[in-house]
Amino acid sequence: MWTISRSTAVMRKDPNKPRGKTTSYAYFVATCRDEHKKKHPGTSVNFSEFSKRCSERWRTMSAKEKVKFEEMAKNDKVRYDREMKTYVPPKGAPKGKKKKDPNAPKRPPSAFFVFCSDHRPRIKEENPGISIGDIAKKLGELWATQSSKDKAPYEAKAAKLKEKYEKDVAAYRARGGSGKSDAGKKSGPGRPAAKKSEPVDDDEDDDDDDEEEEDDEEEDDEEEDDD
């Protein structure tokens with residue numbers, strides 16, 4: 001029986017890589033943790049309850065109260081950017097994600113995401129102050145209770161959006177994988193033929209695009225909550 005050691009199966013973290021950026025909220029949580037230790041020395045912390053209280057407290061803080069933590073985050077970003085300029089990753093280290101062409105068609109939402117777009121406003125209205133995570137949980141539970149007949153309109157809409165996406169991808173590829181048309185351009189003597197970009201790999205980007213859809217929705221929720 002073949003065995004693979006953990007050291008060869010998992011890429012070890014580079015100890016020389018600069019520490020990641022710390023967000024303003026992370027600084028706030030660290031401050032709350034220090035306050036708790038001072039008030040209750042030697043007592044253990046219920047992580048779930050502690051995180052919930054921190055989140056509720058952060059949500060009710062004014063912009064003026066958050067300034068201190070935002071300044072700390074800005075200073076740490078400057079530190080991180082400065083250290084990353086001189087950082088040289090070790091040989092064999094995985095490269096960052098390939099940058100996507102902003103002109104490439106965006107993958108269409110699934111039937112569930114179409115459903116979420118319709119029901120999210122109502123859930124937020126019925127539950128003032130609800131967190132993004134709880135909204136997603138309620139939407140998932142609500143979707144699970146829908147019958148096949150109830151889901152049909154969302155599946156039909158998703159199918160139409162997918163059909164449009166496939167047409168857009170075909171047109172995108174016909175243009176050589178760029179947002180601009182090459183029509184009218186001449187490749188006369190001395191002018192090399194335009195180099196075609198790599199075609200869009202639909203399957204490879206599925207997971208990334210699903211994450212982007214979720215991120216976009218979360219950003220929308222956060223902007224509305226800030227308002």
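The crossing of helices H2 and H4 is right-handed, meaning that the near helix is turned clockwise from the far one, whereas a left-handed crossing has the near helix turned anticlockwise by less than a right angle. The contact involves Ser24, Tyr27, Phe28 and Thr31 of H2. From H4, Phe69, Glu70, Met72, Ala73 and Asp76 take part. Contact here means heavy atoms within 4.5 Å. H2 spans residues 24-39 and packs against H4 at an angle of about 120°, with the two axes 8 Å apart. H2 is therefore oblique to H4. Angles under 35 degrees count as roughly parallel, over 145 as roughly antiparallel, 65 to 115 as roughly perpendicular, and the rest as oblique. Axes are lines fitted to C-alpha atoms, for helices over the stretch in contact, and angles run from 0 to 180 degrees between N-to-C directions.

The model is predicted: local features need pLDDT of at least 70, side-chain atom pairs count only at pLDDT 80 or more, and totals for chains, interfaces and linings use all residues. Residues are numbered from 1 along each chain as its sequence is written, and side-chain values use heavy atoms, with hydrogens and water left out.

The protein contains eight helices and zero strands. From the N terminus on, its elements run α-α-α-α-α-α-α-α. Helices (H or I, at least four residues) and strands (E, at least two) are DSSP runs, numbered from the N terminus. Of contacts between residues at least 6 apart in sequence, 78% join residues at least 24 apart. Buried residues make up 22% of the 227 residues. Buried means under 20% relative accessible area, exposed over 50%, and partly exposed in between (1.4 Å probe, protein chains only). The protein exposes about 18,100 Å², and carbon and sulfur atoms supply 52% of this area. Accessible areas come from the Shrake-Rupley method with a 1.4 Å probe.

Two residues of H4 were examined individually. Arginine 79 lies in H4, which covers residues 63-86. Arginine 79 counts as buried because its relative accessibility is 12%. Its side chain makes a polar contact with the side chain of aspartate 76, at 2.9 Å. A polar contact is a pair of N or O atoms within 3.5 Å; within protein, one must be able to donate a hydrogen and the other to accept it, and residues adjacent in sequence count only if both atoms are side-chain atoms. Aspartate 76 also belongs to the H4 side of the contact with H2. Leaving aside residues up to four places away in sequence, arginine 79 touches Pro18, Arg19, Gly20 and Lys21.

Asparagine 75 is also found in H4. Asparagine 75 counts as exposed because its relative accessibility is 53%. Asparagine 75 and threonine 22 are 53 residues apart in sequence and 9.6 Å apart in space, C-alpha to C-alpha.
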